[in-house]
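The structure is shown first.

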Amino acid sequence: QPKTAGQLAVGMPVSRPAVSQHLKVLESASLVSVEPQGNSRVYSIKSDGLGDLRQYLEIFWSDAISAYVAEIARLMNNE
């Protein structure tokens, strides 16, 4: 659900300015969108950005797991 930085900061172990900084990074990575509403900025998740992130992570983890399996096989062959 779209929320302001202040709403997102409630109950967080970090300050509202820290939440705002994180949101700026997420916005620059196209993971959230921001819409000005009066004096506030309302943040929403960008589902297409999350799809891109998921695809990247799947490739990353697939490569990492393949490298791990290859290393285990190499170590077992050297015993």
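## Glu71

Glu71 belongs to helix H3, residues 47–77; helices (H or I, at least four residues) and strands (E, at least two) are DSSP runs numbered from the N terminus. Its relative accessible area of 33% makes Glu71 partly exposed, a class lying between buried (under 20%) and exposed (over 50%), with a 1.4 Å probe and protein chains only. From Glu71 to Pro36 the C-alpha distance is 51 Å, across 35 residues of sequence.

## Basis

The model is predicted, and local features need pLDDT of at least 70, side-chain atom pairs 80 or more, while totals for chains, interfaces and linings use all residues. Residues are numbered from 1 along each chain as its sequence is written, and side-chain values use heavy atoms, without hydrogens and water.

## Sheet

An open, antiparallel sheet holds three strands in the order E1-E3-E2; strands pair if DSSP finds at least two bridges between them. E1 (3–4) and E2 (32–37) are at the edges with a single partner strand each, so one side of each has no neighbour in the sheet.

E2 and E3 (residues 40–45) are joined by six bridges. Opposite Val42 in E3 stands Glu35.

## Largest pocket

The largest pocket holds about 170 Å³ of space, a volume filled by probe spheres set on grid points joined across faces, edges and corners. A pocket is an open set of points on a 1 Å grid over the protein atoms alone, where a 1.4 Å probe fits, with protein on both sides within 12 Å along at least five of seven lines; lining residues have an atom within 4 Å of a point.

Among the lining residues are Leu23, Tyr43 and Leu50. E3 gives the most, with three residues.
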